[in-house]
Amino acid sequence: MRPSLKIRIGLFLLLLSLYPLSLVARPFVLVLSQDDLKDVSTTPADSDDLSSSESQSEWDEFGDSDSKPDHQLDPGSWRPIFEPDSSSSAAANGEMAGYYEVVEKMLSAVTNGEIRLMEEAAAEIEAAATEKGNPHAQSLLGFLFGMGQMREMSKAKAFLYHHFAAQGGSLQSKMALAYTYSRQDMYDKAVKLYAELAEVAVNSFLISKDSPVIEPVRIHNGAEENKDALRKFKGEEDEDFQILEYQAQKGNAAAMYKIGLFYYFGLRGLRRDYVKALSWFSKAVEKGEPRSMELLGEIYARGAGVERNYTKALKWLTLASRQQLYSAYNGMGYLYVKGYGVEKKNYTRAKEYFEKAAENEEPGGHYNLGVMFLKGIGVKRDIRLACQYFIVAANAGQPKAFYQLAKMFQTGVGLKKNLPMATALYKLVAERGPWSSLSRWALESYLKGDVGKAFLLYSRMAEMGYEIAQSNAAWILDKYGERSMCVGESGFCGDAERHQRAHALWWQASEQGNEHAALLIGDAYYYGRGTERDYERAAEAYMHAKSQSNAQAMFNLGYMHEHGQGLPLDLHLAKRYYDQALEVDSTAKLPVTLALTSLWIRKNYGDSFMVDMIDSLPEVYPRVEAWVENVIMEEGNATILTLFVCLLTVLYLRERQRRNVGAVGEGAVVAHQPNEQDIMPPPN
């Protein structure tokens with residue numbers, strides 16, 4: 001199914017949600033206008049331009065899907081430590097044995113809080129990095145310098161060691177360098193590294209459909225632990241999983257498929273287990289479950305846990321397609337393009353299968369057709385049409401389409417050259433690479449109560465540019481304090497150092513669009529937590545959070561305008577921000593109502609004692625302020641309680657006035673005027 005040549009190109013909103021919405025991962029929004037689409041024809045000159053910009057092999061998206069384990073795709077991966085098996089154990093022998101021993105020592109040190117053991121680990125890492133030139137040890141040493149962990153904090157030394165490690169083949173150091181370059185707007189360097197990393201990630205994707213990702217769970221929802229999300233990731237101990245397993249054992253085919261899926265990809269807190277996955281899929285196909293048929297086709301095509309067999313792969317994919325599982329057509333088309341499991345290559349039949357998938361709104365079908373038209377495989381090369389296919393696929397969340405659009409933005413083929421956009425798209429794909437397994441291990445450690453190990457793993461991912469890891473690491477520092485096992489240059493971090501590190505992590509997360517992080521940065525400057533109090537910088541951070549439609553930030557800006565803190569004293573702007581907060585979040589009705597009441601009092605009784613009382617209450621009643629801060633609102637500011645007391649005071653005065661008027665009308669003796677004790681009884 002070809003998209004219409006009259007497809008509207010004026011504005012494309014690609015809501016690229018790379019991760020399940022339930023995981024609170026942030027969507028990426030790509031906006032393409034007419035100006036972004038390069039005026040491309042299909043003349044020989046354009047074909048030459050394509051050939052000169054990218055070689056055939058570099059554009060080959062029909063390469064073999066790589067079923068290698070993480071430690072082979074990502075040399076230096078910590079999988080042999082967290083998920084040991086026969087293949088990973090072999091990788092931990094020989095020259096790498098010493099490396100994995102020191103990593104285990106470092107992890108044990110943060111788990112048990114042993115500074116001396118951490119010192120030994122840091123010394124051994126430095127020796128392996130400087131004396132033996134081990135690139136993975138160099139990567140770890142760069143991490144230690146970047147964190148200031150048993151070494152002085154030095155971004156320059158961290159960069160240097162990551163540079164050496166990247167040259168030696170450390171992909172995690174390449175991730176760290178790419179993120180560093182992108183933060184400094186050095187997109188010409190960042191895009192090359194992210195392109196290489198994205199290619200590794202793409203090669204591990206499935207042939208027929210998009211594979212599930214390793215879930216990057218946000219362990220907090222801002223104010224508190226995200227218990228609802230965490231509950232789903234307890235693996236075999238999760239009650240829901242046990243119910244699902246019981247249903248599968250009773251013959252429920254859909255439950256069999258889900259359990260097989262969880263084991264195959266290592267989802268929901270389960271360890272990856274190809275044997276169990278294959279067993280459950282095999283049981284499910286006996287009951288005619290089509291999705292299991294498709295995944296069996298994938299398993300045999302990739303040789304994942306079994307001997308690669310393209311004939312069996314085609315058989316299972318064909319059976320799945322006959323049950324109207326249209327994504328299976330992508331796998332069948334792939335086999336005909338490559339000539340695997342069939343007599344010979346057949347581009348015509350492959351195109352027919354891709355079109356069947358596309359006609360049934362399968363994003364993989366649009367993507368594969370885009371590749372055929374981009375490369376001229378069995379069709380006349382048409383770069384504009386290929387670009388349109390990729391846009392449709394990306395709009396449906398197909399990560400391979402992000403990869404192709406990134407290449408187009410990088411090379412200027414089909415789309416105008418745009419390195420910042422190419423970098424952003426490559427980064428989205430690269431973050432799905434095998435190094436993302438760190439997220440699963442960090443979450444597993446956190447759920448087991450090993451906060452120190454979780455913090456270390458999240459910090460490692462934070463250095464590589466994962467926003468959720470930055471947010472989680474910062475939250476652990478703020479929430480757990482000493483229990484975070486934050487290690488400094490010569491021992492455990494003090495309160496000030498933890499605040500500074502959390503501040504830096506929140507700042508990095510806010511740069512990547514985390515509105516809650518921007519809000520916390522504003523609070524840090526407003527209250528002077530981990531930094532000097534600076535109302536102007538607090539206002540800047542709140543403005544950043546406001547630009548992301550954060551109601552709390554709008555409320556805070558209104559409060560600062562009302563009191564002239566870091567912003568001009570402007571009651572009209574204050575009211576506007578309070579109103580905007582209510583428009584964005586209806587649950588803000590109470591605090592906004594109280595704030596507007598305060599504004600009314602300030603405007604009409606500006607010289608009265610009531611205004612002084614409103615402004616002084618947070619200082620007069622520090623215990624109440626602390627209670628509001630810790631109980632009513634996260635990082636709170638006593639405004640709600642102050643305004644609530646103010647409202648009660650207004651109601652009290654009006655009631656006294658009504659009673660006094662009534663008493664005068666009846667000839668009664670007028671009660672004494674209220675004094676300060678009448679207005680506000682002293683706290684107990």
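The points that follow concern a predicted model.

1. Overall composition. The chain contains 35 helices and 2 strands. Its 684 residues are 55% buried.

2. Contacts and surface. Where contacting residues in the chain lie at least 6 apart in sequence, 59% of those contacts join residues at least 24 apart. The chain exposes about 30,900 Å², and 50% of that area is supplied by carbon and sulfur atoms.

3. Helices α13 and α15. Helix α13 spans residues 253-265 and helix α15 spans residues 290-302; their axes come within 10 Å and cross at roughly 30 degrees. Because angles under 35 degrees count as roughly parallel, α13 is roughly parallel to α15. The crossing of the two is left-handed.

4. Residues between α13 and α15. From α13, the contact draws on A254, Y257, L261 and Y264, and from α15 on R291, S292, L295, I299 and R302. By class, the residues of this contact comprise 6 nonpolar, 1 polar and 2 charged.

5. Helices α18 and α19. Helix α18 (residues 347-359) packs with helix α19 (residues 363-375) at an angle of about 145 degrees, and their axes are 7 Å apart. The crossing of α18 and α19 is left-handed.

6. Residues between α18 and α19. On the α18 side are Y347, K351, F354, E355, A357 and A358, which meet G365, H366, N368, L369, M372 and F373 of α19. The residues of this contact divide into 7 nonpolar, 3 polar and 2 charged.

Note on methods. Residues are numbered from 1 along each chain as its sequence is written. This is a predicted model: local features need pLDDT of at least 70, side-chain atom pairs count only at pLDDT 80 or more; totals for chains, interfaces and linings use all residues. Side-chain values use heavy atoms; hydrogens and water are left out. Helices (H or I, at least four residues) and strands (E, at least two) are DSSP runs, numbered from the N terminus. Buried means under 20% relative accessible area, exposed over 50%, partly exposed in between (1.4 Å probe, protein chains only). Contact means heavy atoms within 4.5 Å. Accessible areas come from the Shrake-Rupley method with a 1.4 Å probe; for residues, only the protein chains shown count as cover. Axes are lines fitted to C-alpha atoms, for helices over the stretch in contact, and angles run from 0 to 180 degrees between N-to-C directions. Angles under 35 degrees count as roughly parallel, over 145 as roughly antiparallel, 65 to 115 as roughly perpendicular and the rest as oblique. A crossing is left-handed if the near helix is turned anticlockwise from the far one by less than a right angle, and right-handed if clockwise. Ala, Val, Leu, Ile, Met, Phe, Trp, Tyr, Cys and Pro count as nonpolar, Asp, Glu, Lys and Arg as charged, and the others, Gly among them, as polar.
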